[in-house]
Amino acid sequence: MKALVVGGGIGGLAAAVAFHQRGWQVKVLERAPEITEIGAGLSIQPNGLRALDTLGLGDLLRTGGPAGPPQGIRGVNGAWLIRNDIEELERRFGPWAIIHRAALVDILRAALPAHVLRPGTTVRQVLPDGAVHHDGGTATADLVIGADGVHSVTRYSLWPHAAGPRYLGYTTWRLLTAPHAVEGSVEMWGRGERFGYIPMPDGRVYCYLMGNAPAGSRLGLDRLRERFARWHDPVPALLDAARPDAVLQHDTHELPNLRTYVRGKVAILGDAAHAMAPNLGQGACQALEDAVTLAATVDTFGVDAGLQEYDRLRRPRTQMIAQLSRRVGAPAHWNSPLATALRDTVLPLLPSALFGRSITPAYSWTL
């Protein structure tokens, strides 16, 4: 059996590994001249680690990049708005891991024979019968997996009338700082903006910043330092420890719900199917879940029935998590001084177990 994977990111490579391990002939068609990943840190949460466990790769992250659960949310002045019971979270759900995005791609890529990977291949169209038109000709397979991101050619080919990505009103910056001492993973909320930081195993700190802005607007590191200069420690120090060339900025989009993730011999996964707001940090984890679930259902039921089972399992779950992610981050982007003052007054009064209860559906996943 042959599988063609369109896209060589985390979800596509994980799907390729899963099908390769089941004896399929796999090819990964990637537009970039080499299969790697830009970006900064990536928090792999317990469900993502369990998905990697099904590929035999989870322990590579546990030993290389252990990380604790998120400690909670602080205000601009440093006061706790939500403080999580991190020991209870780890007891209930298992460990977290932090890794550079490129390092996770390297781990997945190393689990595949070199001949599987076809970088520098631009896919032009995908057909429901398993034909893939690319700049080198046409390839066919028993199964095509569209893992080609939020602007997926696979999705545009097979769902041409589906609504495209929509801008959520805020842009996101990501960066890695020079080594700096911080105590755990924390997110801070202001008025229409937020700042999160996670320590990396080598002492560097992965930071992500989000701010309300018109689509397409761009700010460099100097302007970010000005924008967050009055925030509580360690925010100004972390920005001072960053280099201008380390800052990546992307506008934040999500995809409207699709009615199905499969068509003919084709399935889509990851951002191609359900790009979501990054507020829960579940994007990569859901792509990993998609990949191993697709391989398991097709292996168990065959291509036709397996694709239907994949859609039955994955579409409701991913769309639920996308909706939850949108809701969870919304209060951080309120602009009204009155609304944010009320938020900062009410949140500390909520029970510490609230986060664990709200995130249970995401973290408790098993294949």
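Student: How far apart are the end C-alpha atoms of helix α11, and what span should its 27 residues have?

Tutor: This is a predicted model. At 1.5 Å a residue, helix α11 (residues 303-329) should span 39 Å. Its end C-alpha atoms are 37 Å apart, which agrees with that expectation.

Student: Where in α11 does a kink lie?

Tutor: The kink lies at Arg314 and is about 30°. The proline Pro316 follows shortly after Arg314.

Student: How do strands of a sheet pair?

Tutor: They pair through backbone hydrogen bonds, either parallel or antiparallel.

Student: How many bridges join β10 to β11?

Tutor: Strand β10 (residues 131-134) is joined to β11 by 4 bridges, and the two run antiparallel. As one case, His133 has Thr138 in β11 as its bridge partner.

Student: Is Ser43 buried or exposed?

Tutor: A residue counts as buried under 20% relative accessible area. Ser43 has a relative accessible area of 18%, so Ser43 is buried. Ser43 is part of strand β3 (residues 41-44).

Student: Which residues does Ser43 touch, leaving out those up to four places away in sequence?

Tutor: Ser43 touches Trp96, Ala97 and Ile98, and also Ile198, Gly281 and Cys285.

Conventions: Residues numbered from 1 in each chain as written. Predicted model: local features only at pLDDT ≥ 70, side-chain atom pairs only at ≥ 80, totals over all residues. Heavy atoms only, no water. Buried < 20%, exposed > 50% of the residue type's maximum accessible area, 1.4 Å probe, protein only. Contact = heavy atoms within 4.5 Å. Pairing = 2+ DSSP bridges. Expected span 1.5 Å × (residues − 1). Bend = angle between axes of the 7 residues up to and from the residue.
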